[in-house]
Amino acid sequence: MIDLIGATVGIVVFAPIAVVVAALIRVSMGSPVLYSQVRPGLNATPFRMWKFRTMSNAQSTSGELLSDAERLTPLGSFLRSTSIDELPELINVARGEMSLVGPRPLLMEYLDHYNDEESRRHDVRPGITGWAQINGRNALSWEDKFRLDVWYTDNGNLLLDFRILAMTVWAVVRRDGVNSESHATMPKFERPPPDSA
């Protein structure tokens with residue numbers, strides 16, 4: 001109920017900002033304005049997550065997409081650093097696919113690479129923000145991020161959620177941990193699947 005109320009209020013409050021952002025993206029990058037990708041939700045059930053588009057479709061002479069750093073536009077960089085690109089996820093929260101607070105939904109391709117402990121991050125709904133996001137965000141190593149996600153899975157409660165939401169506002173204002181040291185966002189999570197050893 002809190003997620004539904006929070007998402008509804010958020011959609012109404014941030015609607016004017018969303019309209020302006022959509023217009024700026026349309027003018028600077030063209031269509032589409034929104035970017036969507038299938039991500040694992042509660043119990044790793046797939047759902048389609050929506051975000052504002054932050055990258056161009058620039059390609060190399062051979063027709064391959066350029067790296068994230070090369071395709072990230074100045075507007076996209078601003079949207080990411082302020083987390084405005086995440087606003088469309090309020091729709092996912094309103095639909096019950098996400099929560100305001102929870103482990104961030106990562107790529108489907110990562111599922112087979114988690115160990116049993118890391119897989120427990122899917123025992124709760126994914127969130128727009130989470131314990132890992134206010135404790136380092138993309139500046140964390142994958143191992144530290146998963147450890148924090150699993151800690152939240154075991155210890156999450158209403159008071160902690162309110163604390164995380166409040167701290168998220170401060171983290172966004174300070175723009176903490178937007179990028180890793182060597183990547184525009186985060187390096188790809190690469191580890192052999194546990195059963196391949």
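Residues are called buried when their relative accessible area is under 20%, exposed when it is over 50%, and partly exposed in between (1.4 Å probe, protein chains only). By that rule N43 is exposed, with a relative accessible area of 57%. The structure is a predicted model, in which local features need pLDDT of at least 70, side-chain atom pairs count only at pLDDT 80 or more, and totals for chains, interfaces and linings use all residues. Residues are numbered from 1 along each chain as its sequence is written, and side-chain values use heavy atoms, with hydrogens and water left out.

N43 sits in the loop between β1 and β2 (46-52); here helices (H or I, at least four residues) and strands (E, at least two) are DSSP runs, numbered from the N terminus. Although N43 is not a glycine, its phi is positive, at about 60°. S83 also has a positive phi in a residue other than glycine, near 65°. S83 follows α3 and belongs to the loop between α3 and α4. Another backbone feature is the cis peptide bond from S31 to P32, whose omega is near 0°. P32 is placed in the loop between α1 and β1 (34-40).

Helix α3 itself covers residues 74-81, and its buried residues are G76, L79, R80 and S81. These buried residues pack against α1 and α7, where contact means heavy atoms within 4.5 Å. In helix α1 one finds A7, which counts as buried at 0% relative accessibility. Leaving aside residues up to four places away in sequence, A7 touches L90, V93, A94 and L100. Between A7 and I84, 77 residues apart in sequence, the C-alpha to C-alpha distance is 14 Å.

The neighbours of E97, not counting residues up to four places away in sequence, are F47, R48, N92, R125 and P126. With R125, 28 residues apart along the chain, the C-alpha separation from E97 is 7.1 Å. E118 is part of helix α5 (residues 116-119) and is buried, with a relative accessible area of 7%. Beyond residues up to four places away in sequence, E118 touches H113, F146, V150 and R191.

The packing of α6 and α7 comes next. Their axes are 10 Å apart and meet at an angle of about 140°; axes are lines fitted to C-alpha atoms, for helices over the stretch in contact, and angles run from 0 to 180 degrees between N-to-C directions. The two helices α6 and α7 are therefore oblique to each other, given that angles under 35 degrees count as roughly parallel, over 145 as roughly antiparallel, 65 to 115 as roughly perpendicular and the rest as oblique. In this contact W151, Y152 and N155 of α6 meet L160, D161 and I164 of α7. By class, the residues of the contact of α6 with α7 are four nonpolar, one polar and one charged.

The second largest pocket holds about 260 Å³ of space. On a 1 Å grid over the protein atoms alone, a pocket is an open set of points where a 1.4 Å probe fits, with protein on both sides within 12 Å along at least five of seven lines, and lining residues have an atom within 4 Å of a point. Grid points are joined across faces, edges and corners, and a volume is the space filled by probe spheres set on the points. The pocket is lined by 15 residues, of which D3, S99, V101, Y152 and D161 are the closest to its centre. At least two lining residues come from each of α1 (2-29), β3 (99-101), α6 (142-155) and α7 (158-174). The largest share is that of α7, with four residues. Eight nonpolar, four polar and three charged residues make up the lining of the second largest pocket.

Notes: Nonpolar A, V, L, I, M, F, W, Y, C, P; charged D, E, K, R; others polar.
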